[in-house]
Amino acid sequence: MASERTQVWWQGAQARAADESVPARERALRLVDEMFELIVLRLRPLMAAVEKSDCTGPPPWLDQLAALIAEVRPEADAAFLAK
């Protein structure tokens with residue numbers, strides 16, 4: 001259900017995060033901002049239900065955010081910071 005509700009958003013978010021005409025730092029901040037708006041503001045009831053379910057696995061945007069963080073801060077643990 002969450003996948004269906006976020007499919008269009010995720011496609012747009014991936015395209016914006018991959019836009020190399022924008023600095024990686026700005027793309028990472030934009031992605032976090034968009035995730036906050038989507039998850040906290042728009043999907044709060046759905047996310048509450050997901051937390052109570054048996055859903056497992058990383059969210060689909062985790063790798064994209066980790067890659068952007070690694071580009072901005074190569075010395076940092078990007079996977080940890082993305083989580």
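So, which side chain has a polar atom 3.3 Å from the backbone oxygen of Asp19? The side chain of Arg27 does, and I'll come back to that arginine in a minute.

First, the ground rules. This is a predicted model, where local features need pLDDT of at least 70, side-chain atom pairs count only at pLDDT 80 or more, and totals for chains, interfaces and linings use all residues. Residues are numbered from 1 along each chain as its sequence is written, and side-chain values use heavy atoms, with hydrogens and water left out.

On confidence: pLDDT is the predictor's own score for each residue, from 0 to 100. The protein chain averages 81, and 81% of the residues score at least 70. Helix α3, residues 44–51, comes out lowest with a mean of 67, while α4 comes out highest at 88. Where pLDDT is low, the predicted coordinates should not be read in detail.

Now the overall fold. The protein chain has five helices and zero strands. Helices here are DSSP runs of H or I, at least four residues, strands are E runs of at least two, and numbering starts from the N terminus. Of the 83 residues, 29% count as buried; that means under 20% relative accessible area with a 1.4 Å probe, protein chains only, with exposed being over 50% and partly exposed in between. As for contacts (heavy atoms within 4.5 Å), take those with a separation of 6 or more: 57% of them are between residues 24 or more positions apart.

Let's go inside. The largest nonpolar core has 18 residues, and the members touching the most others are Trp9, Leu31, Met35, Leu65, Leu68 and Ala82. By nonpolar core I mean buried Ala, Val, Leu, Ile, Met, Phe, Trp, Tyr and Cys residues joined through side-chain atoms within 4.5 Å. Helices α1 (2–17), α2 (24–42), α4 (62–72) and α5 (78–82) each put in at least two residues.

Over to Trp9. Skipping neighbours within four places in sequence, Trp9 contacts Arg16, Glu34, Met35, Leu38 and Trp61. Glu34 is in helix α2 and is buried, at 15% relative accessible area. With residues up to four places away left out, Glu34 touches Trp9, Ala13 and Arg16. The Glu34 and Arg16 side chains are joined by a 2.8 Å polar contact. That term covers N or O atom pairs within 3.5 Å; within protein, one must be able to donate a hydrogen and the other to accept it, and residues adjacent in sequence count only if both atoms are side-chain atoms.

Back to Arg27, also placed in α2. Buried or exposed? Arg27 is buried, with a relative accessible area of 5%. Beyond four places in sequence, Arg27 touches a list of residues including Arg16, Asp19, Leu68 and Glu71.

Last stop, Ala78 in helix α5. Ala78 is buried too, at 11%, and touches Ala66, Ile69 and Ala70, again not counting residues up to four places away. Ala78 and Ala67 are eleven residues apart in sequence, with their C-alpha atoms 7.1 Å apart in space. That's my tour, thanks.
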